Amino acid sequence: MTRKIDHHLDPATLMAFSAGCLGEALSAVAAAHLEMCPDCRIALADLDLIGGALLSALPAKSEAGARSALPSLPGDVVPLPGRKASVNPKAPLQHAGDPELFAARMGVDLRNVPWRRLGPGVWHHRLPLSPGVKGDLRLLKIAAGKRMPEHGHSGSELTLVLEGAYRDDSGVYRCGDIQDVDGDQEHQPVADEQMGCVCVIANENPVRYKSIVNRLLQPLVGI
Amino acid sequence: MVRTLRVRRLQPAPLEMQSRASMSDLLSLIARERSEAAFGELFQRYASKLRGYMLRQGADAATAEELAQETLLVVWRKAALYSAEKGSLSTWIFTIARNLRIDRLRKEAAWQELPDNLSETLASDDQAPDEAASDRQREVRVRAVLAELSAEQRQVVEMAYIEGLSHSEISERLGLPLGTVKSRMRLAYQKVRTALEDLK
């Protein structure tokens with residue numbers, strides 16, 4: 001997949017990812033987008049330099065004369081490559097942009113997701129997070145032309161399109177595009193009329209989809 | 001683990017290392033000759049920085065020591081993957097330390113390998129010489145930018161990178177709206193980006 005990505009990560013999100021302080025769910029989705037997006041990989045490489053500069057500015061002498069003992073060195077080292085494999089950050093990674101691979105790494109076969117119905121034309125599948133981690137990570141499948149379910153959350157939300165597309169006021173999101181919104185922003189995405197949409201959504205905080213409410217309201221407002 | 005490590009007797013350092021060899025020189029000695037003396041030098045320069053980093057990230061003393069050592073052992077094992085001519089060593093070490101810390105926090109996540117390797121791959125990228133300036137050059141620029149950031153921008157950047165605080169945690173700690181924290185980060189990023197523009 002080599003389509004140009006239209007929607008990128010917010011630099012503040014990328015900075016948190018680079019710093020290693022982005023929550024687990026958000027990091028999973030950010031990393032998946034990074035695999036598909038050379039522009040964001042370049043930005044990340046720039047941001048990582050901040051980490052390097054700040055690390056090297058930390059005191060070299062330790063407190064109270066404590067000095068780390070040199071560990072015994074393992075023999076299993078990575079050998080020098082005969083000729084260095086050339087990796088260009090502007091080129092896609094070898095497996096880049098393969099949503100199925102991304103899903104497989106999360107233990108899911110995109111062709112065979114154990115979908116659970118959330119409402120009319122909307123299915124979801126929750127992905128596990130580490131024990132004790134707050135947040136929410138799930139795959140969402142929206143039938144052609146349907147609206148994404150309304151949901152309440154606070155904090156940041158990342159949505160990455162894996163298949164099909166959706167659109168809202170801010171534009172059209174296709175495979176590889178990411179939408180990076182704050183909790184207080186409202187959006188009402190509608191899945192592509194032909195293809196529908198499969199995406200992975202991460203939230204910083206636990207999410208409650210208003211599935212029952214949606215089901216009740218559906219005949220009235222067409223959610 | 002920490003207690004069982006034994007101190008190794010170092011071979012005398014070659015001349016060029018006694019006069020503060022550049023980090024990249026040390027690393028290529030490690031990569032090409034498995035020089036334990038070069039590693040010892042590098043270890044002395046980075047061990048306390050890394051321990052300090054881990055402590056400020058909230059690790060207890062033993063974990064901080066352990067993660068600092070693990071980080072440098074990865075450097076020893078993977079030195080060959082690092083591009084000495086192009087790379088910024090401290091950035092490479094930072095990404096290793098960051099990833100080890102994340103791993104420690106997420107031992108059981110199904111997808112934990114995902115964010116890994118990504119930056120390591122980037123850090124060891126061997127770019128065509130005419131295509132990208134060296135990361136070392138770029139890091140010098142980034143240092144200059146950091147020194148010139150406004151106090152409030154620098155504060156949020158350090159809280160993220162050194163203390164490992166999330167956007168919301170920074171916002172709580174400083175009593176600022178989330179949007180303000182993020183916009184300070186965006187401004188800091190914009191300055192870095194601008195400073196690196198002609199080196200692309």
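**Entry 1: a helix pair across the chains**

I began with helix α3 (residues 38-56) of chain A and helix α7 (residues 135-148) of chain B, which pack at an angle of about 75° with their axes 9 Å apart. I took axes as lines fitted to C-alpha atoms, for helices over the stretch in contact, with angles from 0 to 180 degrees between N-to-C directions. The angle makes α3(A) roughly perpendicular to α7(B), a term that covers 65 to 115 degrees. Helices here are DSSP runs (H or I, at least four residues), numbered from the N terminus.

The model is predicted: local features need pLDDT of at least 70, side-chain atom pairs count only at pLDDT 80 or more, and totals for chains, interfaces and linings use all residues. Residues are numbered from 1 along each chain as its sequence is written, and chains are lettered from A and ligands numbered from 1 in the order in which they are written.

I then listed the residues that meet: A:Leu49, A:Ile50, A:Gly52 and A:Ala53 in α3(A) against B:Asp135, B:Arg138, B:Glu139, B:Val142, B:Arg143 and B:Leu146 in α7(B). Contact requires C-beta atoms, placed from the backbone, within 7 Å. By class, I found five nonpolar, one polar and four charged residues in this contact. Ala, Val, Leu, Ile, Met, Phe, Trp, Tyr, Cys and Pro count as nonpolar, Asp, Glu, Lys and Arg as charged, and the others, Gly among them, as polar.

**Entry 2**

I looked up A:Leu49 and found it buried, with 27 other C-beta atoms within 10 Å; the cut-off for buried is 20 or more. Beyond its neighbours within four places in sequence, A:Leu49 is in contact with B:Ser88, B:Thr91, B:Asp135, B:Arg138, B:Glu139 and B:Val142.

For A:Ile50, leaving out residues up to four places away in sequence, I noted contacts with A:Ser18, B:Val142, B:Leu146, B:Val157, B:Tyr161 and B:Val192.

**Entry 3: the core**

I next examined the largest nonpolar core, of 105 residues, in which A:Ile50 and B:Ala160 touch the most other members. Such a core is a set of buried Ala, Val, Leu, Ile, Met, Phe, Trp, Tyr and Cys residues joined through C-beta atoms within 7 Å. Its largest share, 10 residues, comes from α3(A).

**Entry 4: the whole interface**

Finally, I counted 77 residues of chain B and 63 residues of chain A in the contact. On the chain B side, helix α3 (residues 36-56) supplies the largest share, 11 residues. That side divides into 35 nonpolar, 17 polar and 25 charged residues.

Methods: Helices (H or I, at least four residues) and strands (E, at least two) are DSSP runs, numbered from the N terminus. Angles under 35 degrees count as roughly parallel, over 145 as roughly antiparallel, 65 to 115 as roughly perpendicular and the rest as oblique. A residue is buried if 20 or more other C-beta atoms lie within 10 Å of its own, exposed if 12 or fewer, and partly exposed in between; C-beta atoms are placed from the backbone.
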